[in-house]
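Biologist: I am new to this structure. Could you take me through what was computed for it?

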Amino acid sequence: MKKTSAHLPDDGEARLDAESSATGASKAELIRRGIAMLLDSAERPKRSRELPVFDSGRSRTPDEMDDAVYEHIKERAAHR
């Protein structure tokens, strides 16, 4: 298990303390449960389509790849 720190507002800390006392669960356990609930119920955005693939037959530098992506976006926008 990894350790992570979080800053809570004063009222959040007080509510967490009260819940911990009432349930007997540690504050860390309550925080883990809350995070699990959030992540389990979160909907991930769906990609509408795949990113374009460029096959130039050679490796490209990051700058060249950025330029190619920019040109592709520009061309698509021109056709709308």
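Biologist: How many helices and strands does the protein chain have?
Modeller: This is a predicted model. From the N terminus on, the elements of the protein chain run α-α-α. The secondary structure therefore comes to three helices and zero strands.

Biologist: What percentage of the residues of the protein chain count as buried?
Modeller: A residue counts as buried when its relative accessible area is under 20%. The protein chain has 80 residues, and the share of them that count as buried is 6%.

Biologist: What span does α1 reach from its first C-alpha to its last?
Modeller: Helix α1 covers residues 10-23 and has 14 residues. At 1.5 Å a residue, the expected value is 20 Å. The span in the model is close to that, at 20 Å.

Biologist: Which residue just after α1 takes a positive phi?
Modeller: Helix α1 is made of residues 10-23. Just after α1 comes a residue with a phi of about 80°. That residue is Gly24.

Biologist: How many salt bridges are there?
Modeller: A pair counts when a side-chain nitrogen of Lys or Arg is within 4 Å of a carboxyl oxygen of Asp or Glu. By this rule the count comes to five.

Biologist: Which helices hold Lys27 and Glu13?
Modeller: The side chains of Lys27 and Glu13 meet in a salt bridge, with N to O at 2.6 Å. The pair ties together parts that are 14 residues apart in sequence, because Lys27 and Glu13 lie in helices α2 and α1.

Biologist: Is Lys27 buried, exposed or partly exposed?
Modeller: Buried means under 20% relative accessible area and exposed means over 50%. Lys27 has 31% relative accessibility, so Lys27 counts as partly exposed.

Biologist: By how much of a helical turn are Arg33 and Glu29 separated?
Modeller: Arg33 forms a salt bridge with Glu29, and their closest N and O atoms are 3.1 Å apart. Arg33 is partly exposed, with a relative accessible area of 42%, and Glu29 is partly exposed at 27%. Both residues lie in helix α2, four residues apart, so the separation is about one helical turn.

Biologist: Which helix holds the pair Lys74 and Glu71?
Modeller: The side chains of Lys74 and Glu71 meet in a salt bridge of 3.5 Å, N to O. Being three residues apart, Lys74 and Glu71 are separated by about one helical turn, and their helix spans residues 62-78. Lys74 is partly exposed, with a relative accessible area of 44%, and Glu71 is partly exposed at 35%. The helix that holds this pair is α3.

Biologist: Which element gives the largest share of the lining of the largest pocket?
Modeller: The largest pocket has a volume of about 630 Å³. Among the 18 residues that line it, the closest to its centre are Lys27, Ala28, Ile31, Arg32 and Ile35. The elements that give two or more residues to this lining are α1 and α2. The largest share, six residues, comes from α2.

Biologist: How many residues of the lining of the largest pocket are charged?
Modeller: The lining includes eight nonpolar and three polar residues. The charged residues in it come to seven.

Biologist: What distance separates the C-alpha atoms of Ala28 and Lys3?
Modeller: Ala28 lies in helix α2 and counts as partly exposed at 38% relative accessibility. Along the chain, Ala28 and Lys3 are 25 residues apart. Their C-alpha atoms are separated by 10.0 Å.

Notes:
Residues are numbered from 1 along each chain as its sequence is written. This is a predicted model: local features need pLDDT of at least 70, side-chain atom pairs count only at pLDDT 80 or more; totals for chains, interfaces and linings use all residues. Side-chain values use heavy atoms; hydrogens and water are left out. Buried means under 20% relative accessible area, exposed over 50%, partly exposed in between (1.4 Å probe, protein chains only). The expected span of a helix is 1.5 Å times one less than its number of residues. On a 1 Å grid over the protein atoms alone, a cavity is a set of points where a 1.4 Å probe fits but cannot get out, and a pocket is an open set with protein on both sides within 12 Å along at least five of seven lines; lining residues have an atom within 4 Å of a point. Grid points are joined across faces, edges and corners, and a volume is the space filled by probe spheres set on the points. Ala, Val, Leu, Ile, Met, Phe, Trp, Tyr, Cys and Pro count as nonpolar, Asp, Glu, Lys and Arg as charged, and the others, Gly among them, as polar.
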